[in-house]
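My notes follow the order in which I checked them.

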Amino acid sequence: MPLAPYRRVLSVPALRQALVLGVLVRIPIFAGGVILTLHVVQTLHRSYGAAGFVSAAATVCIAVSGPWRGRLLDSKGLRRVVMPSLVVTAVCWSVAPFVEYIPLLVLSAIGGLFIIPIFSVIRLAIIAAVPESDRRTALSLDAVAVELSFMIGPLVGVWAATIWPTAWVLFGIEMLGVVAGVGLWLVNPVMRADRGDAVEGSADPAGNPPLSSWFRARFLAVCGAAAATTIVLSGCDIAIVAALREFHQISLIGPVLAIWGLGSVIGGLAYGMLHRSIPAFLLLGGLSLATFPIALAPSVWPFAALAFVAGLLCAPTITATVDQVSRVVPEVAMGAAMGWHGSFMTAGSALGAPLAGLAIDQWGWRGGFVSVSFVGLAVAVAGAGATLSRRRSRERAAGVLSRSA
């Protein structure tokens with residue numbers, strides 16, 4: 001039966017716990033991103049480009065911190081990594097909503113440097129909770145949980161911003177994130193299955209293999225696909241806000257984002273039921289092509305329908321990159337690998353937000369969708385071409401060896 005894989009993985013208590021924790025901690029993250037944009041544009045009276053650069057400052061710092069904090073997850077464990085994040089995040093976001101643009105930019109960057117590495121933590125917990133044969137299904141559920149957080153967070157955040165000042169809404173959302181982080185620290189989920197697969201000859205006394213043993217072209221290619229995916233998604237995020245403001249329907253920002261996220265939920269569930277994986281670059285190309293038509297929408301509801309269609313490929317694309325990373329990296333280095341994967345994704349967000357913001361300032365909200373779609377499609381074509389070329393080279397080499405034998 002199609003739903004049998006989901007019944008099987010959801011019967012694992014550790015998986016259910018990880019999914020619930022992921023939703024609770026991610027909701028404030030997604031709500032905060034949208035409210036931060038509204039705060040910069042409406043309260044601080046800056047441009048969309050300026051709002052994009054605030055997001056970029058935070059996400060660049062997240063990208064910088066990802067690899068070394070991921071390695072600390074491998075060697076030190078969750079609690080010793082999360083505790084400094086809780087302290088710094090609480091201090092930064094107690095001040096940032098109430099200052100001018102430049103201090104906000106600086107504090108957002110510091111907060112990004114010490115953000116809880118929630119995506120790495122939850123994905124490591126999910127990978128540890130299920131056997132390899134169920135990994136793609138479990139990761140698809142995590143992608144669906146991400147989309148549920150994405151649907152709930154902005155919807156509640158934008159609704160709150162229509163009632164209260166954006167500064168206080170931003171403060172409240174970030175403090176809820178701190179509370180959720182405390183819950184994660186208390187639960188302390190298992191992040192590595194004991195399967196006896198330590199790598200021999202490791203240069204690390206803790207059992208971590210050297211970076212050179214897995215940080216190679218195949219891993220980097222998948223991370224490149226992940227970065228391009230978030231360029232598209234973060235650019236769409238800010239372009240949706242700009243479009244709804246142009247349509248004079250600010251109150252519908254949350255519902256439209258929820259419709260976009262609903263498409264991703266449905267796509268993620270469908271992808272988890274497939275019997276085989278789809279290459280990440282192929283999914284990225286489909287996501288980019290599906291995003292282009294959003295720029296042609298004449299009004300709100302056709303706009304929302306096109307966003308729903310594009311959303312069908314969001315979760316599958318991200319899931320494919322996580323799944324492929326987990327299969328090319330030894331488990332004892334999975335924390336570092338997920339940290340690098342997360343860094344590529346946040347670097348993509350850092351590029352996508354200002355790219356779309358500048359395009360919106362220059363050509364209107366439609367330019368935001370076109371610009372990031374073009375970038376995603378270019379990376380997908382280049383990546384698929386390189387993968388095909390490498391496969392043909394291996395086949396030729398195998399043919400030469402067989403003939404010589």
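**Core, pocket, serine**

I began with the largest nonpolar core, which has 108 residues in this predicted model. Leu15, Leu244, Trp260, Phe303 and Phe369 have the most contacts inside it.

Next I looked up Phe369. I left aside its neighbours within four places in sequence. Phe369 is then in contact with Cys236, Ala239, Ile240, Thr291, Ile294, Ala295 and Phe303.

I turned to the second largest pocket and read a volume of about 260 Å³. The pocket is lined by 17 residues, and Ile27, Val156, Gly172, Ile173 and Leu176 are the closest to its centre. Which helices each supply at least two residues of the lining? I found H2 (13-43), H7 (135-161) and H8 (166-187). H8 gives the largest share, seven residues. By class, I listed 14 nonpolar and three polar residues in the lining, and no charged ones.

Last, I checked Ser326, which is found in helix H13, residues 314-328. Is Ser326 buried or exposed? Ser326 counts as buried because its relative accessibility is 4%, and the cut-off for buried is under 20%. Its side chain reaches the backbone oxygen of Asp323 at 2.7 Å. Leaving aside neighbours within four places in sequence, I found Ser326 in contact with Ile127, Arg135, Met334 and Met338.

Technical notes:
Residues numbered from 1 in each chain as written. Predicted model: local features only at pLDDT ≥ 70, side-chain atom pairs only at ≥ 80, totals over all residues. Heavy atoms only, no water. 1 Å grid on protein atoms, 1.4 Å probe; cavity = no way out; pocket = protein on both sides within 12 Å on 5 of 7 lines; lining within 4 Å. Points joined across faces, edges and corners; volume = space filled by probe spheres on them. Helix = DSSP H or I, 4+ residues; strand = E, 2+ residues; numbered from the N terminus. Nonpolar A, V, L, I, M, F, W, Y, C, P; charged D, E, K, R; others polar. Core = buried A, V, L, I, M, F, W, Y, C linked by side-chain atoms within 4.5 Å. Buried < 20%, exposed > 50% of the residue type's maximum accessible area, 1.4 Å probe, protein only. Contact = heavy atoms within 4.5 Å. Polar contact = N/O pair within 3.5 Å; in protein donor to acceptor, adjacent residues only side chain to side chain.
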